[in-house]
Amino acid sequence: MPLRQEEIERYKRQIMIEGWGTAGQQRLSAATVFIAGAGGLGSPVSMYLAAAGVGTLRICDCGEPELSNLNRQILHDDSRIGMNKAQSARQTLARVNPYVNVIALPDTITDQSIAGLASDAELIVDCLDNFETRHVLNRYAVRRRIPLVHGAIHGLNGQLGVFHTPHTPCLACIFPPEVPKEVFPVAGFTPGVIGTLQAAEIIKIILGLGSPLYGTLLMWDGAQADFQKIPICRSPDCPVCGSSHAQDLQEP
């Protein structure tokens, strides 16, 4: 659909970017993105995608904001403690950009529920804090052959990457299926950095701009202000995308 005059005015500075234009803005407006998690990473991801005009954001989180979340989970504030995070996110994002459709999903992500939750999304964003659920996202993204934009944080460090089978390795090629859950330290700005970079990768993928981090893990050392790119390779024994599991790559 053509952009409203108000939208053209709202987005005019990004429309000026070479390769973006009004056609690119219309692609963003037509896009649907599934965001798993409305916490530290999900906050900057969803806020920058909403501000950029990504048309539909499906945000899933079954948790509730706690006081200890508020140093980093900027979608929420003291008045939202005890409220569902996805519902809180929808309220915040409606103020960020009224032209974006935010669907709040206060549900648990499982292998059984993910297809209904992600629905018509063309891209999945991992804003989670545990690898068990990240692997649920990965298996679904591999089956549907859509990109998974991964982000993770710890203290002053973070990482992100873009997985898109069969073009790249999948998450299970480099991370084991079981990683112990833990309560870990985190500075508020760490998910701000990584989440913003995730939003950049998502927009680049939708628009076909630049070179997304396909097949690469970007590591950020906040203490040293240092970035490092690590190439990743597909594991032939991967239980999700390895050669012996090729039949599992077909959409059920």
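Pro166 sits in the loop between β6 (157-163) and α7, where helices (H or I, at least four residues) and strands (E, at least two) are DSSP runs, numbered from the N terminus. A cis peptide bond joins Thr165 to Pro166, with omega about 10°. Most peptide bonds are trans, and most residues other than glycine have a negative phi.

Before I continue, a word on provenance. This is a predicted model, in which local features need pLDDT of at least 70 and side-chain atom pairs count only at pLDDT 80 or more, while totals for chains, interfaces and linings use all residues. Residues are numbered from 1 along each chain as its sequence is written, and side-chain values use heavy atoms, with hydrogens and water left out.

Two further backbone features deserve mention. Ser119 is not a glycine, yet has a positive phi of about 45°. Ser119 belongs to the loop between α5 (114-118) and β4 (123-126). Its relative accessibility is 33%, so Ser119 counts as partly exposed; buried means under 20% relative accessible area, exposed over 50%, and partly exposed in between, with a 1.4 Å probe and protein chains only.

Ala225, also not a glycine, has a positive phi of about 50°. Ala225 is located in the loop between β7 (216-221) and β8. Is Ala225 buried or exposed? With a relative accessible area of 64%, Ala225 is exposed.

Ala225 also gives us a reference point for Val240. The two are 15 residues apart in sequence, and their C-alpha atoms are 34 Å apart in space. Val240 lies in the segment after β8 (226-231). Val240 has 13% relative accessibility and therefore counts as buried.

Let me now turn to the overall fold. The protein has 7 helices and 8 strands. Its C-alpha trace spans about 50 × 40 × 40 Å along the principal axes. For 252 residues, a compact globule would have a radius of gyration near 18 Å, and the protein agrees, at 18 Å; the radius is taken over C-alpha atoms, and the globule rule is 2.2 Å times the number of residues to the power 0.38. Of the 252 residues, 52% count as buried. Among contacts with a separation of 6 or more, 65% are between residues 24 or more positions apart, contact meaning heavy atoms within 4.5 Å.

I come next to helix packing. Two packed helices are described by the angle between their axes and the distance between the axes. Here, axes are lines fitted to C-alpha atoms, for helices over the stretch in contact, and angles run from 0 to 180 degrees between N-to-C directions.

What is the angle at which the axes of α3 and α7 cross? They cross at roughly 40° and come within 8 Å. α3 and α7 are therefore oblique to each other; angles under 35 degrees count as roughly parallel, over 145 as roughly antiparallel, 65 to 115 as roughly perpendicular and the rest as oblique. The crossing of α3 and α7 is right-handed, a term used if the near helix is turned clockwise from the far one by less than a right angle, with anticlockwise giving left-handed. From α3 the contact includes Tyr48 and Leu49, and from α7 it includes Gly192, Gly195 and Ile202. By class, this contact of α3 with α7 has 9 nonpolar, 4 polar and no charged residues. In that scheme Ala, Val, Leu, Ile, Met, Phe, Trp, Tyr, Cys and Pro count as nonpolar, Asp, Glu, Lys and Arg as charged, and the others, Gly among them, as polar.

Helix α7 (residues 189-207) also packs with helix α2 (residues 21-30): their axes come within 9 Å and cross at roughly 110°. That makes α2 roughly perpendicular to α7. The crossing of α2 and α7 is right-handed. Gly24, Arg27 and Leu28 of α2 meet Ile203, Ile206 and Leu207 of α7. The contact of α2 with α7 comprises 4 nonpolar, 1 polar and 1 charged residues.

Helix α3 (residues 42-52) has a further partner in helix α4 (residues 85-96), with an angle of about 35° and axes 9 Å apart. The crossing of α3 with α4 is right-handed. On the α3 side are Ser46, Met47, Ala50 and Ala51, which meet Thr92, Leu93 and Val96 in α4. This contact divides into 5 nonpolar, 2 polar and no charged residues.

Finally, I turn to Phe131, in helix α6 (residues 131-144). Phe131 counts as buried because its relative accessibility is 14%. Which residues does Phe131 contact, leaving aside its neighbours within four places in sequence? They are Phe175 and Val179. Phe131 and Leu171 are 40 residues apart in sequence and 9.8 Å apart in space, C-alpha to C-alpha.
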